[in-house]
Amino acid sequence: MKPQESIPVRVTRIEAVTPLVKRFTLCHADGEDLPAFSGGSHIVVEMQGEDRLHRNPYSLMSSPWETCQYQIGVRRVDEGRGGSRFMHEQVKEGSLLRVRAPVNLFPLLKTRRKHILIAGGIGITPFFSQLAELQRLGTPYELHYAVRSQEHAGFAAELLRLAGERLHLYVEDAGQPLHFAKVLAGQPLGTDVYVCGPAGMIEAVRQAARAAGWPDSHVHWEQFLAPPAGAPFEAVLARSGITVQVGAETSLLEAIEAAGVKASYLCRGGACGQCELEVLEHDGELVHHDHYLSIEERASGRKLMPCVSRANCQRLVLAI
Amino acid sequence: MLVTGIKSMPVYRPLQFDDSGKVHLAVARGAGGDALRRLAGAARACKVLYAAEAGADLTQAVRAGSADVTVAASTAALLQQLGHALASLPMGLRFYAAGDEDFLAEVSRVAELHGLDSAEMQCECVAPGARRVYCVHCRTCNAAVSGAIAPCAGCGRKLLVRDHYSRRLAAFMGVMADAETPGAA
């Protein structure tokens with residue numbers, strides 16, 4: 001199968017796990033096996049809404065040893081662009097969706113001697129498939145999982161069954177804060193930390209690791225951004241010879257796709273770098289939102305990640 | 001047909017104190033003690049393990065340079081002490097090693113076994129250009145080979161030293177240079 005080809009899937013089960021999170025079980029619509037994946041992988045789910053096609057990345061929560069189904073956890077974001085609302089309101093058991101083959105931007109480094117997994121809220125999802133791998137590897141690990149309140153801890157019972165005493169649950173409004181420095185202190189050589197959760201949590205873990213002398217090579221994190229809204233702008237696609245209008249709520253990548261131009265992508269969340277475009281000309285400001293470009297690349301004004309980044313200028317010319 | 005840019009090749013550079021680390025451990029053998037003395041000048045607190053060599057005994061200088069020095073009676077003893085130390089040290093360690101290529105290969109192997117990667121490890125080679133070469137024909141490890149072609153101490157074949165480094169054997173690969181036309185090389 002070509003990586004760009006999407007796979008038809010049927011929703012076989014929907015579980016309400018917390019007031020905001022539903023877990024969807026997806027099987028191949030034709031009963032075939034789904035592509036294999038490794039722990040930490042995500043898929044992009046395509047949802048045909050009334051007026052637009054949503055494409056959202058979701059981490060796979062099922063075991064990598066089960067290719068008869070995929071499971072994803074979707075947190076409903078009411079102020080978002082509608083993808084998660086669509087999943088919560090429109091998608092029923094039996095619904096048909098399309099997904100892209102899994103991609104892993106958050107793999108476990110299997111040569112390491114110990115793994116510390118830190119999750120905040122819905123950030124727990126990629127760790128489910130990693131836990132399945134860790135159980136088989138037998139490598140020591142700890143899972144630190146923070147939720148806002150007990151009602152948001154819907155996955156806790158299942159995690160306890162998987163991880164046993166390696167699970168450390170922190171319920172914030174019960175006065176159980178997660179102190180990152182304490183978790184990282186005294187860990188043996190060859191330990192890696194993985195964090196997935198809100199931006200503030202990721203930054204705090206990275207800072208705590210740096211402060212404790214951990215090199216960046218031992219610190220891994222994943223966060224998919226939703227494309228932020230912004231002022232509408234216009235982009236000239238030089239190679240295609242067309243001009244596209246990017247609306248306030250649309251991403252540049254979506255505008256390019258809607259115009260029928262084939263653009264490459266993997267995560268659609270500013271993390272992987274696959275959709276990078278060369279900027280040939282611009283007369284204003286490039287508004288970068290991604291986690292991928294370096295400070296130097298941003299400063300050069302020559303590169304833009306159209307999945308999440310925008311422009312604030314009269315004229316923007318892209319090499320596509 | 002010598003290949004360059006091979007990732008497995010060891011990287012050597014002058015030791016530099018890395019103050020992003022919280023705990024520091026340095027090891028050296030023989031003439032490598034000199035690098036430790038330089039490192040000690042910049043270091044705050046650094047635990048040191050040293051083994052002297054015949055013809056290169058810098059024990060006194062190393063002792064004078066650092067407060068926390070353990071002198072090992074042999075390389076084997078040093079490696080054992082290193083293993084003990086690494087087993088109990090936490091993340092945040094920076095590891096420094098200085099000596100000839102054989103020594104660096106041996107300590108790197110111990111360090112990697114304990115989970116250290118290149119971001120936490122620095123090696124300074126005191127005899128650059130002298131490589132350990134593994135003969136693929138008779139499996140002899142030839143020490144301190146300089147130049148691209150050298151006779152094997154085990155089988156006498158003229159070996160072409162390839163830029164193909166084995167971390168497991170801690171040696172470069174040597175293959176018979178004139179296998180097609182013996183005597184030509």
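Predicted model: local features only at pLDDT ≥ 70, side-chain atom pairs only at ≥ 80, totals over all residues.
Helices are DSSP runs of type H or I with at least four residues, and they are numbered from the N terminus.

Helix H5 of chain A covers residues 199-211, 13 residues in total. The distance from its first C-alpha to its last is 18 Å, close to the 18 Å expected at 1.5 Å a residue. Buried positions in H5(A) are Met201(A), Ile202(A), Val205(A), Ala208(A) and Ala209(A). Viewed down the axis of H5(A), the buried residues fall within an arc of 130 degrees and therefore line one face of the helix. An α-helix has 3.6 residues a turn, so residues three or four places apart point the same way. The buried residues of H5(A) pack against strand E8 (114-120), helix H4 (180-184), strand E11 (191-196) and strand E12 (219-222) of chain A. Ala199(A), Gly200(A) and Gln207(A), on the other side of H5(A), are exposed.

In chain B, five strands form an open sheet with parallel pairing, in the order E3-E2-E1-E4-E5. Its edges are strand E3 (69-72) and strand E5 (121-125) of chain B, each of which pairs on one side only. From one strand to the next, the twist averages 15 degrees. Strand E4 (residues 93-99) of chain B is joined to E5(B) by five bridges, the two running parallel, and Gly99(B) stands opposite Cys125(B) in E5(B).

Two helices of chain B contact these strands. Helix H4 (residues 101-113) of chain B packs on the sheet, where it touches E1, E4 and E5 of chain B, and its direction makes about 170 degrees with that of E5(B). Helix H1 (residues 33-42) of chain B lies across strand E1 (23-29), strand E2 (47-51), E4 and E5 of chain B, running at about 155 degrees to E1(B).

Methods
Residues numbered from 1 in each chain as written. Chains lettered and ligands numbered in written order. Pairing = 2+ DSSP bridges. Axes fitted to C-alpha atoms, helices over the stretch in contact; angles between N-to-C directions. Contact = placed C-beta atoms within 7 Å. Expected span 1.5 Å × (residues − 1). Buried ≥ 20, exposed ≤ 12 C-beta atoms within 10 Å, placed from the backbone. Arc of directions from axis to C-beta.
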